[in-house]
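Morning, everyone. I'll take one structure and walk through its packing. Let me put it up.

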Amino acid sequence: MAMKRNGKSPASSESDESVMFFRDVSLGPHETRLRFRLIHFWEAQNPVKKTLIGLEMLLIDEQGTVIQGFIPPGRIKKYLPEMKRGSVYELINFYGSKNKPMYRVADHIATVSFAWNSELSVLHDIPIPFDEDRFRMHSYEDFEANCDLKGDLYDVLGHMKLVDGQALTERPTIDEAKLATTRHIMVHVQSHEGPVMKLYLWDQAATDFCKKFKSYENTPTVLLVTAVNTKRLGGNLALSSMSPTRVFMDYDVQPTIDYFAWLSSNPEIAKQVSAEVVTKRETMTISDIFSYMTLESAKDAFFECTATIDDVVHGSAWYYIACTGCHSKATKGANSLICTNPRCVKDTTAGVAQYRAKISVYDSSEQGFFVLLGDAGFQLTGRHASELVSSYFEANKDKGPDHEVPVPEALISIVGQTHKFCVKVTDHNFSGNTRAITVTKILPPETSSPTKGSVDNAIAATSMEAVQTGSEVCGPSKSRGDSADEESKRTFDSVDPEKVKRARCEK
């Protein structure tokens, strides 16, 4: 049935009013109706301001054409109560807006945007069949060709080789406590007989993976992940989940069922595990880390980076006064020091000096700044910050408590040394202007040999969401826990003048 401009069409024998197909949707307002199945919907947020942009949707009509949908934030409450994945709807009146050029999940040039006069209703008695879903599977070669282009988000289908570094020969164990902290799972996946790809699942996608994986009585092997982005970090291709990502396994949908049948008829493929995949450790350069920090979807992540210490930054405080219980920053109260961490059980604290030294580092790609926190400073100098501060005041008893403590020789002596640093980038790095990166651990030589890429387990690698791997994930220093990261966010650039004045590096 031919469609007229803006959705007007002759009345059909089945209805007095026309129904527009997605293939005929054009840009501009439409006073007509659509019928579709709601495949999926998700919140779209501004990655910098952390504000809600709107609700995005993936829709499919009776002809199997897929299109993106969009509801502005001010209209979400009106329509959200009726929205359920898999249900069929009728929409009257909408606006055909131009599909976004980046991170698209459908090929159509237009997006169905809900307008001020849009009317959405559920269809319970469906006169015609609707497909349940439609996937856009791509191969390793396709992902390679689209790497770093911030283009369309395609789907990947394959069989799992490793789950968080564990082979599937024995059922992998997923640490849910670790998942709650790191908010990601890294999976090595291979499509048919192609190269093994590293797939990073973040936040909701990681949670969905965990639930599905554990729900299977037998260890699942086939994985389909939708809307992944490609990014090259450390010279390697990485696939990363995004806000619209969905996760399917062995018997969930027809593509996974078909792939499972193929894999069952080729058992030698499933048994192949490359030693390089299991043992390879990647080292990110400073340039790579800075590149990651510019991604719109960047999230908290850990990296390994080999760098040479160039200097201890002049005019930067090298320690702060911390709570003796949780090691968060302590501030001066009326009669005692008070911990700034609301979860700390200590109302007052005696206070202890902790490292927060800013150092200049470089490698062959870039120069940058690292911040040594807690145990990281001790691992480099062999001495605790509290010991160095106490030693200084014992030798300078005429100095008052507010005296500026100069950078000690123990810190100055690390200049010129090359180390493998375990670093963490956080929201503080993404939302602010700082390019200083927190060091959580210094890897000793015996653990720096290739094992399982802890960088993999830390990279959120892509576009609006991100990449990581390894037998030894670089976590925060045990002595400071999460408070180290919070401390670096809150007080790195502004030390409490009541407790510690900025120290000067004296050489």
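The largest nonpolar core here has 42 residues. By nonpolar core I mean buried Ala, Val, Leu, Ile, Met, Phe, Trp, Tyr and Cys residues joined through side-chain atoms within 4.5 Å. Buried is under 20% relative accessible area and exposed is over 50%, with a 1.4 Å probe and protein chains only. Those with the most contacts inside this core include Ile289, Trp318 and Phe421.

A word on sources. This is a predicted model, with local features needing pLDDT of at least 70, side-chain atom pairs counting only at pLDDT 80 or more, and totals for chains, interfaces and linings using all residues. Numbering runs from 1 along each chain as its sequence is written, and side-chain values use heavy atoms, without hydrogens and water.

Take Ile289. Leaving aside neighbours within four places in sequence, Ile289 is in contact (heavy atoms within 4.5 Å) with Met284, Phe303, Cys305, Val423, Val425 and Ile437.

Now strand E21, residues 418-425. Strands are DSSP runs of at least two residues, helices (H or I) of at least four, numbered from the N terminus. In E21, 6 of the 8 residues are buried, so the strand is largely enclosed by the rest of the structure. E21 pairs with E22, residues 436-443, in the antiparallel sense over 5 bridges; pairing takes at least two DSSP bridges. Lysine 424 has threonine 438 in E22 as its bridge partner.

Last, helix H4. Its buried residues are Ala205, Ala206, Phe209, Cys210 and Phe213. The face turned away from that buried side carries exposed Gln204, Lys211 and Ser215.
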